[in-house]
Amino acid sequence: ILEFTRQGIPVERLVAFLDNLMDNPSKRAVDELYGFLESSGLPITDDGHFLAYKAVTKDYMDKHSRSISNAVGEVISMPRNQVSDNKEDTCSHGLHFAAHEYASGFGRGDDRMMVMKINPRDVVSIPSDYNNQKGRCCEYTVHAEVCSCLRVDSQRRRPTGVQLCEG
């Protein structure tokens with residue numbers, strides 16, 4: 001933050017992110033989130049949240065239980081103590097989010113790719129496998145739907161731009 005300030009780069013997003021992150025009761029989750037955001041290159045929003053991805057069915061239902069609507073605007077939550085905080089439990093209980101690279105591997109046929117807005121205080125764990133590409137949280141807001149990937153960084157297989165659906 002100090003270096004950004006010296007360079008004249010706005011820091012309000014980072015300050016808001018840090019404020020939200022300090023509300024996370026888990027030191028492990030706080031420490032793990034930095035690695036996830038660094039490796040996935042996901043953006044931080046003006047209010048200090050971050051954006052991540054999730055593949056869902058064509059009717060916007062979650063792919064695991066097919067019982068949770070992930071339509072734009074939905075706020076999905078569950079009790080924090082029901083989310084696995086063990087990063088060694090690579091596939092376990094919780095609300096999942098991912099980097100685009102990881103989430104796109106779950107999309108099939110006419111499935112949809114959604115953008116999730118997540119408060120850093122709600123992150124519970126970043127599983128140790130998959131190179132910091134996925135995580136679990138106790139709450140997220142479905143922020144938008146991705147209509148297409150505009151450009152992909154060929155070395156990192158990460159989108160450098162996505163087109164969000166209107167409406």
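The buried residues of helix H2 pack against helix H3 (27-40) and strand S1 (50-56). The structure described here is a predicted model. Within H2, which spans residues 12-21, the buried positions are Ala16, Phe17, Asn20 and Leu21. These residues lie on the same side of H2, because the arc they cover around the axis is only 135°.

The chain contains four helices and eight strands. Their order along the sequence is α-α-α-β-β-β-α-β-β-β-β-β. Of the 167 residues in the chain, 41% are buried. Among contacts with a separation of 6 or more, 67% are between residues 24 or more positions apart.

Strand S1, against which H2 packs, includes alanine 52. Alanine 52 has a relative accessible area of 0% and is therefore buried. Not counting residues up to four places away in sequence, alanine 52 touches Leu42, Phe97, Ala98, Met114, Val115, Met116 and Ile118. One of these contacts, with valine 115, links positions that are 63 residues apart in sequence, and the C-alpha to C-alpha distance between alanine 52 and valine 115 is 5.6 Å.

Two or more lining residues come from each of S1, strand S3 (95-98) and helix H4 (100-104). The contribution of S3 is the greatest, at four residues. By residue class, the lining of the largest pocket comprises 13 nonpolar, seven polar and four charged residues.

No disulfides are present in the structure. The sulfur of cysteine 137 has that of cysteine 138 as its closest cysteine sulfur, and the 6.5 Å between them is too far for a bond. The cut-off applied to a pair of cysteine sulfur atoms is 2.5 Å. Cysteine 138 is likewise in no disulfide, its nearest cysteine sulfur being that of cysteine 137. Cysteine 137 is buried, with a relative accessible area of 0%. Cysteine 138 also counts as buried, since its relative accessibility is 8%, and the limit for a buried residue is under 20%.

Most residues other than glycine have a negative phi. Arginine 66, although not a glycine, has a positive phi of about 55°. Arginine 66 is located in the loop between S1 and strand S2 (75-77). With a relative accessibility of 51%, arginine 66 counts as exposed, the threshold for that class being over 50%. Asparagine 132 also has a positive phi, of about 60°, and is not a glycine. The loop that holds asparagine 132 runs between strand S5 (123-125) and strand S6 (134-137). Asparagine 132 has a relative accessible area of 29% and is therefore partly exposed.

How values were computed. Residues numbered from 1 in each chain as written. Predicted model: local features only at pLDDT ≥ 70, side-chain atom pairs only at ≥ 80, totals over all residues. Heavy atoms only, no water. Buried < 20%, exposed > 50% of the residue type's maximum accessible area, 1.4 Å probe, protein only. Arc of directions from axis to C-beta. Contact = heavy atoms within 4.5 Å. Nonpolar A, V, L, I, M, F, W, Y, C, P; charged D, E, K, R; others polar.
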